[in-house]
Amino acid sequence: MDIQSKLIPLLRTLCITYLLSGLLLVIFSFIMYKCKLQESQMKIAIYTIYTLSCFIGGFLSGKIAKKKRFLFGLLFGGVYFILLLLLSLAVNQEIVQGINHLLSILAFCGIGGMVGGMIS
């Protein structure tokens, strides 16, 4: 199986995880509205949603790759983060958070994807 035959399933997996993230963020925003959560609780929940989505994407990517699954999971987490950053830039026209925030999200996405890939 060559890279082109793996690319379409990986892109499909990326779309699925973004839909999952969107759904979870909408559910969380409703909970946040009803419970009036603090900012620290919001950050934890958002990081958890990103990590869970990357874990699932890394798991599915590992199933597709069959070899070097942890690497495909890590790569998936990195691509997820890059697209998340680009979408954020497209919507906000700037990076509103600091570099520490971005590095934290990158770490959570990469680790989530890598662990998902290793478990697959």
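Trainee: How much space lies in the largest pocket?

Mentor: First, a caution: this is a predicted model, where local features need pLDDT of at least 70, side-chain atom pairs count only at pLDDT 80 or more, and totals for chains, interfaces and linings use all residues. Residues are numbered from 1 along each chain as its sequence is written, and side-chain values use heavy atoms, leaving out hydrogens and water. A pocket here is an open set of points on a 1 Å grid over the protein atoms alone, where a 1.4 Å probe fits, with protein on both sides within 12 Å along at least five of seven lines. Its volume is the space filled by probe spheres set on the points, joined across faces, edges and corners, and for the largest pocket that comes to about 630 Å³.

Trainee: Which helices each supply at least two residues of its lining?

Mentor: Lining residues have an atom within 4 Å of a point, and helices are DSSP runs (H or I, at least four residues) numbered from the N terminus. The largest pocket has 23 lining residues, with I46, Y50, S88, H101 and I105 nearest its centre. The helices you want are α1 (3-35), α2 (39-65), α3 and α4 (99-119).

Trainee: Is I105 buried or exposed?

Mentor: I105 sits in helix α4. Buried means under 20% relative accessible area, exposed over 50%, and partly exposed in between (1.4 Å probe, protein chains only). I105 has 7%, so I105 is buried.

Trainee: What is the volume of the second largest pocket, and which element gives the largest share of its lining?

Mentor: The second largest pocket has about 190 Å³. It is lined by 10 residues, and closest to its centre are L7, L10, L75, F76 and V79. Both α1 and α3 give two or more residues to this lining, but the largest share, 5 residues, comes from α1.

Trainee: Which residues form a nonpolar patch with L75?

Mentor: Nonpolar patches join side chains of Val, Leu, Ile, Met, Phe, Trp or Tyr within 5 Å, from residues with over 30% relative accessible area and no salt bridge. This surface patch has about 420 Å² of accessible area together.

Conventions:
Patch = residues over 30% accessible without salt bridge, like charges linked within 9 Å, V, L, I, M, F, W, Y side chains within 5 Å. Areas by Shrake-Rupley, 256 points an atom, 1.4 Å probe, with all protein chains shown as cover. Salt bridge = Lys/Arg side-chain N within 4 Å of Asp/Glu carboxyl O.
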